[in-house]
Amino acid sequence: MKKQILRKPMALLLALIMVISLLPTVSLAAEEADAQVSSSTLATDGDVVVPSTTPTTIDLSAATENISITSGGDYTLTGSTTVYNVSIDTTDVENKIVNLTLDGASIQIPDDYNKKDVSVLSISGDATVNMIVKEGTCNTLSNVCTSGGIGVTVTGNSDLNITDTGTLNITGTSYTLYAKTGSSVSINDATVNIITSMNGKWVNCIELNGAALTVNSGNLNATIPEKNSASSMATSATIYIDSASSFTQNGGTVKVINQAKVTTSCYGIYDKGVVSINGGTLFAYGQTNGVHINSGLMGIDDDAVFLAASGNVATFDSMKNAV
């Protein structure tokens, strides 16, 4: 009888030890399963479920609604669409750094799109967006909606840093690149082509309102093309810099071209703020002035190459290959 009595407590003790030893394993397995789901999920309605550290690939071809990124993380944008746009807004989160790789991505909003003043890409909420234009790829962010199409908008004290050596084409019918109070845009190594597809009164290709644009390296080509139907315009500028804004070039090649036909003024760069050309090569052309300084400041370093031209289209044609 004594042996049987001793065996029961021993059996219970062994069973208890086995149960306790299993508990941590079960907990860890559950945590790992949750991490895998949260790091790779893309909702079917096109709204991105924010990842942890695993990159999220967003295929524009598979989107069924506008794509919204609301937290920091690593994303890759690929595929194409003619309907949906992308917004990045990190207002409500602590992680505001978004690493966005463009890998042959194309958004091309057509001229009959029925929503006015919509941006192909909008950045807000104090976000820092590191846009990696993948080497060897050509990427397009285009909005040619005739009711007022905007290419890229950067607001809310946000920063857009365009890097790597691929090509990015941005097109808009009103503002192609619009940066507002406290925001900044920088270009490093990439080739960025910014084109306005429609001319109109005070339609500027790049507009800086209390914002900063910096070119450190690579190529920036900003263009308002010639259009015969645009002869009734009042004023036009390829890069407009207000009194609280700045444009800085530390390197690379920048071409600013305004071929619009206007009744009053047509400028390459319209400067009310601060322009600093510290290095690289800048060519600015406008039929009225290549650079118009209106209460602004402009400094050109000895290491920089600067050429400004004005006059008719024949003048432009004779000088456009100078840089």
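Modeller: What follows is about the aromatic rings. This is a predicted model, in which local features need pLDDT of at least 70 and side-chain atom pairs count only at pLDDT 80 or more, while totals for chains, interfaces and linings use all residues. Residues are numbered from 1 along each chain as its sequence is written, and side-chain values use heavy atoms, with hydrogens and water left out. A pair of aromatic rings is described by the distance of the centres and the angle of the planes. Here rings of Phe, Tyr and Trp (its six-membered ring) pair if their centres lie within 6.5 Å, and planes under 30 degrees apart count as stacked, over 60 as edge-to-face and the rest as tilted. By this rule there are 3 aromatic pairs. One of them joins Tyr240 and Tyr270, which are stacked at 5.5 Å centre to centre with 20° between the planes. This pair links distant parts of the chain, 30 residues apart, with Tyr240 in strand 20 (residues 233-241) and Tyr270 in strand 23 (residues 262-271); strands are DSSP runs (E, at least two residues), numbered from the N terminus. The rings of Tyr267 and Tyr270 have their centres 5.3 Å apart and their planes at 45°, so that pair is tilted. Buried means under 20% relative accessible area, exposed over 50% and partly exposed in between, with a 1.4 Å probe and protein chains only. Tyr240 is buried, Tyr267 counts as buried at 7% relative accessibility, and Tyr270 is buried with a relative accessible area of 9%.

Definitions and conventions
Helices (H or I, at least four residues) and strands (E, at least two) are DSSP runs, numbered from the N terminus.
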